[in-house]
Amino acid sequence: MLKDRDCGSLRAADAGSSVALAGWVDRRRDHGGLIFIDLRDRSGVVQVVINPESIESPYEDAERVRGEWVLRVEGDVSLRPSGTVNDNLATGEVEVAVRSLQVLNASSPPPFYINEDSDVDEQLRMRHRHLYLRRRRMQSNIVLRHRIVKHIRDFLDERGFLEIETPILIKSTPEGARDYLVPSRVHPGSFYALPQSPQQLKQLLMVGGFERYFQIARCFRDEDLRADRQPEFTQLDFEMSFVEREDILDLIEELYATMAEKLVPEKTVQRPFPRLAYADAMDRYGSDKPDLRFGLELRDVAETVQKSDFQVFRNALAEGGRVKGFAAPGLASLPRRQVDELTELARSRGARGLVTIALDGDWTDPDDLQAEQIRSQVTRFFPIELMRELARTLDAKGGDMMLLVGGPGAVVYNALGELRVEVARRCELADPDVLAYAFVVDFPLFGWDDAGERWDSVHHPFTSARPEDAPLLDTDPGAAYAQSYDLVCNGYEMGGGSIRIHTREMQEKVFGLLGFSKESMDERFGHLLSALESGAPPHGGIAMGIDRVAMLLAGEDNLREVIAFPKTQTASDLLFNAPSEVEQSQLAELHLRVTE
């Protein structure tokens with residue numbers, strides 16, 4: 001080994017010992033003869049001192065050293081002189097007096113600072129990802145990700161799970177997003193698909209009798225990207241036989257609570273994880289992945305609106321829509337420009353507009369609200385008694401602003417759900433040190449697809465109905481609820497799963513409702529249908545995003561900050577310049593031709 005100690009491991013107790021260190025130059029300072037270098041490796045930073053009178057190797061080597069050069073030094077650990085201790089460094093009590101210095105490699109000047117966490121243009125940091133990964137924050141994030149995966153493996157191994165790998169090259173089947181296709185050279189004109197999830201494979205493992213399976217699985221989806229989505233991602237995939245929904249939810253709660261308590265003890269995990277019905281989550285928060293770190297619950301104001309002269313909202317109700325709202329604390333004094341920003345946010349989510357009602361004064365009882373304390377574009381439509389009624393319904397007080405949206409239910413939920421999150425951000429209501437996990441349950445089994453004129457699975461086609469709802473598949477499929485569940489935290493969906501269909505009869509019935517003919521069922525899912533009539537046990541499982549939980553525990557707001565080599569928002573890899581064209585000979589081997 002070129003080094004016998006890590007830079008970040010040295011402490012006062014090591015004073016007097018000789019060490020060999022190797023790493024990168026984090027900072028270099030020339031104090032007129034004495035050269036101070038902060039030497040960095042993955043473990044941390046330590047100060048090394050080069051004195052021309054005591055160094056045995058050429059002093060000129062130290063004089064030409066610059067940032068990010070790779071060095072090996074040998075020297076003696078000593079306590080720093082009084083008054084020079086650096087309390088911001090774990091190694092701040094000591095320094096290394098260098099006897100010999102070896103330049104292992106020089107470095108060209110980096111395109112951005114490595115030793116400080118300044119903003120870097122995304123294209124620049126993706127093109128030079130190997131340099132961006134040297135940053136202390138990025139190294140901490142990748143280490144945290146490693147520990148998350150290790151915690152998962154240890155936790156599940158202790159509970160009898162087996163880690164089993166499943167194929168990457170599989171058959172294209174409908175999973176809800178576009179597949180990445182891989183052409184076969186051996187079978188011209190045929191294609192493999194990269195797995196969106198090992199869904200059918202883990203079900204087949206249950207039929208195979210393994211009972212408890214898990215995998216840290218690589219998955220691929222060709223879909224539009226955003227801050228918390230990548231085309232290739234990693235998920236914890238597991239499946240269990242002979243279980244019911246609560247068995248799985250209890251296991252997940254224990255796994256994720258202990259993960260946070262062990263790896264990020266400075267964060268608070270709220271337990272037990274509440275169970276929220278999907279309809280209740282939408283009605284109260286306008287989202288099926290609500291952030292529960294703050295209130296701002298949506299309230300129905302239809303009864304009050306019906307007594308007003310505001311025809312826009314009354315028409316919305318007459319057309320079967322909803323009118324809901326919430327009180328934004330302390331935003332009565334919000335400047336007009338920022339009110340317009342909230343209105344545009346509501347419109348961007350489908351709403352025709354946003355009604356804002358600013359409430360001045362310092363009252364807490366709505367009965368004390370006076371007409372002159374109200375500022376709104378709809379004041380003339382709501383007498384003072386109705387304004388007081390609105391304030392009472394929304395728990396508003398002096399200094400608040402009431403936000404109201406009317407229209408179709410989906411639009412109202414979407415707009416107010418986004419506004420709720422934006423208001424919490426502006427008012428700093430969400431505690432960054434709290435992890436507010438919750439399970440969302442009782443999703444509808446099907447949603448109607450107007451374009452295809454057929455039912456579509458809300459979760460996926462292998463999800464079972466609640467036992468009491470199974471008869472509805474013959475009479476009213478839209479009224480059936482699924483045995484599916486999502487884990488959410490701080491406004492993010494962390495993963496989801498379900499109790500699966502485990503009989504061929506029920507699986508064929510669901511496929512039929514989804515528009516599959518008997519022939520297409522056999523062609524696409526014959527392997528699974530055959531397995532289900534071969535003694536398949538009742539089973540269920542879940543898929544949890546590793547990237548997303550790493551992002552949450554690391555306190556980041558973008559998946560790319562917890563992935564070593566991510567793709568950009570346009571699914572490009574700027575480091576390798578991928579995707580790229582390939583040689584014509586490669587296409588010919590695959591019997592493919594690129595056309596305009």
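I began with strand β15 (residues 355–359), which pairs with strand β17 (residues 401–407) in the antiparallel sense over four bridges. I took strands as DSSP runs of E of at least two residues and helices as runs of H or I of at least four, both numbered from the N terminus. Two strands count as paired if DSSP finds at least two bridges between them. I357 stands opposite M402 in β17.

Provenance, for the record. This is a predicted model, in which local features need pLDDT of at least 70 and side-chain atom pairs pLDDT 80 or more, while totals for chains, interfaces and linings use all residues. Residues are numbered from 1 along each chain as its sequence is written, and side-chain values use heavy atoms, with hydrogens and water left out.

Next I looked up the sheet around this pair. Five strands form an open sheet in the order β13-β14-β17-β15-β16, with antiparallel pairing. β13 (299–300) and β16 (374–376) are the edge strands, each pairing on one side only.

I then followed β14 (residues 322–328). β14 pairs with β17 in the antiparallel sense over seven bridges, and V323 stands opposite G406 in β17. With β13, β14 has two bridges, also antiparallel; here R299 has G325 in β14 as its bridge partner.

I moved on to helix α14 (residues 504–513). Which residues of α14 are buried? I found R504, Q507, V510 and F511. They lie on the same side of α14 because they cover an arc of only 130° around the axis, the arc being that of the directions from the helix axis to the C-beta atoms. An α-helix has 3.6 residues a turn, so residues three or four places apart point the same way. I checked what covers the buried residues of α14: the cover includes β20 (446–449), α13 (472–475) and α15 (518–532). Just after α14, G515 takes a positive phi of about 95°.

Last, I noted totals for the protein chain. The chain has 17 helices and 24 strands. Of its 596 residues, 48% count as buried. The C-alpha trace spans about 90 × 75 × 55 Å along its principal axes. Of the contacts (heavy atoms within 4.5 Å) with a separation of 6 or more, 67% come from residues 24 or more positions apart.

Technical notes. Buried < 20%, exposed > 50% of the residue type's maximum accessible area, 1.4 Å probe, protein only.
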